[in-house]
Each structure stands twice: as C-alpha cells, then as structure tokens.
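Here's a quick tour of one protein chain, written for someone new to reading structures. Have a look at the picture first, then follow along.

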Amino acid sequence: MSSATLNIKVSPRRMLTVREAAEYCGLSVKLFGRLCKVPPVKLADGSERHDMRDLDDWIDGIKLGSSDTDADVLARLT
C-alpha cells in the first residue's frame with residue numbers, strides 16, 4: 001500500500017491581517033494594497049483586519065466584471 005502526504009493549509013479565522021489577506025487572494029502584499037479596494041475592519045483595540053467574506057465578494061465582483069464595493073455603489077446613488 002502506498003501513502004501520500006497532503007499539504008493543506010486551513011485558515012480557521014475569518015478576520016485576516018493584510019499579509020494573510022494578500023496570501024488568501026493569491027497576491028503579494030504590495031500588489032494587494034494597490035488592487036484591493038476592500039477597506040479593512042477597524043477593531044476596538046485599534047488593529048485592522050480584512051474580512052474573508054468581504055474579500056470573497058470583491059473577488060466574485062471581479063469575476064462578474066464589477067469590482068465595486070458596497071460603498072462605491074452607495075456613493076454613486078447619493
């Protein structure tokens with residue numbers, strides 16, 4: 001019987017540092033900072049984290065041809 005080793009990386013957290021968010025999106029931190037229009041969430045301790053769900057929505061928008069955030073859409077409506 002042969003064996004195989006799987007190298008799976010699981011992120012149990014929803015809120016990601018900028019480095020983790022960039023990695024999650026498959027981008028370098030520098031490129032992530034230039035391309036990603038999703039604002040981080042400011043936490044009570046003053047730190048900032050990116051919400052995986054917001055990043056997923058941003059990526060889905062790119063796939064659909066629209067990379068607007070909710071704030072972008074609302075700004076155009078007012």
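Among the elements of the protein chain, strand E3 has the highest mean pLDDT, 98, while helix H4 (residues 70–77) has the lowest, 65. That score, pLDDT, is the predictor's confidence in each residue, from 0 to 100. Where pLDDT is low, the predicted coordinates should not be read in detail. Over the protein chain the mean is 88, with 82% of residues at 70 or more. Helices (H or I, at least four residues) and strands (E, at least two) are DSSP runs, numbered from the N terminus.

Some ground rules: this is a predicted model, where local features need pLDDT of at least 70, side-chain atom pairs count only at pLDDT 80 or more, and totals for chains, interfaces and linings use all residues. Residues are numbered from 1 along each chain as its sequence is written, and side-chain values use heavy atoms, leaving out hydrogens and water.

Now zoom in on Asp51, which sits in E3 (residues 48–51). Is Asp51 buried or exposed? Asp51 counts as buried because its relative accessibility is 8%; the cut-offs are under 20% for buried and over 50% for exposed, with partly exposed in between (1.4 Å probe, protein chains only). Skipping neighbours within four places in sequence, Asp51 is in contact (heavy atoms within 4.5 Å) with Arg14, Met15 and Val41. Asp51 also caps the N-terminal end of helix H3.

Here are the close atom pairs. A polar contact is a pair of N or O atoms within 3.5 Å; within protein, one must be able to donate a hydrogen and the other to accept it, and residues adjacent in sequence count only if both atoms are side-chain atoms.

| Pair | Atoms | Distance |
|---|---|---|
| Asp51 and Arg14 | side chain to side chain | 2.8 Å |
| Asp51 and Arg53 | side-chain oxygen to backbone nitrogen | 2.9 Å |
| Ser47 and Asp45 | side chain to side chain | 2.6 Å |

Ser47 belongs to the loop between strand E2 (41–42) and E3. With 18% relative accessibility, Ser47 counts as buried too.

On to H3, whose buried residues are Met52, Leu55, Trp58 and Gly61. An α-helix has 3.6 residues a turn, so residues three or four places apart point the same way. The cover over the buried residues of H3 includes E1, H1, H2 and E3.

Helix H1 (residues 18–25) has Glu20, Ala21, Ala22 and Cys25 buried. Their cover includes E3 and H3. Gly26 follows H1, and its phi is positive, near 75°.
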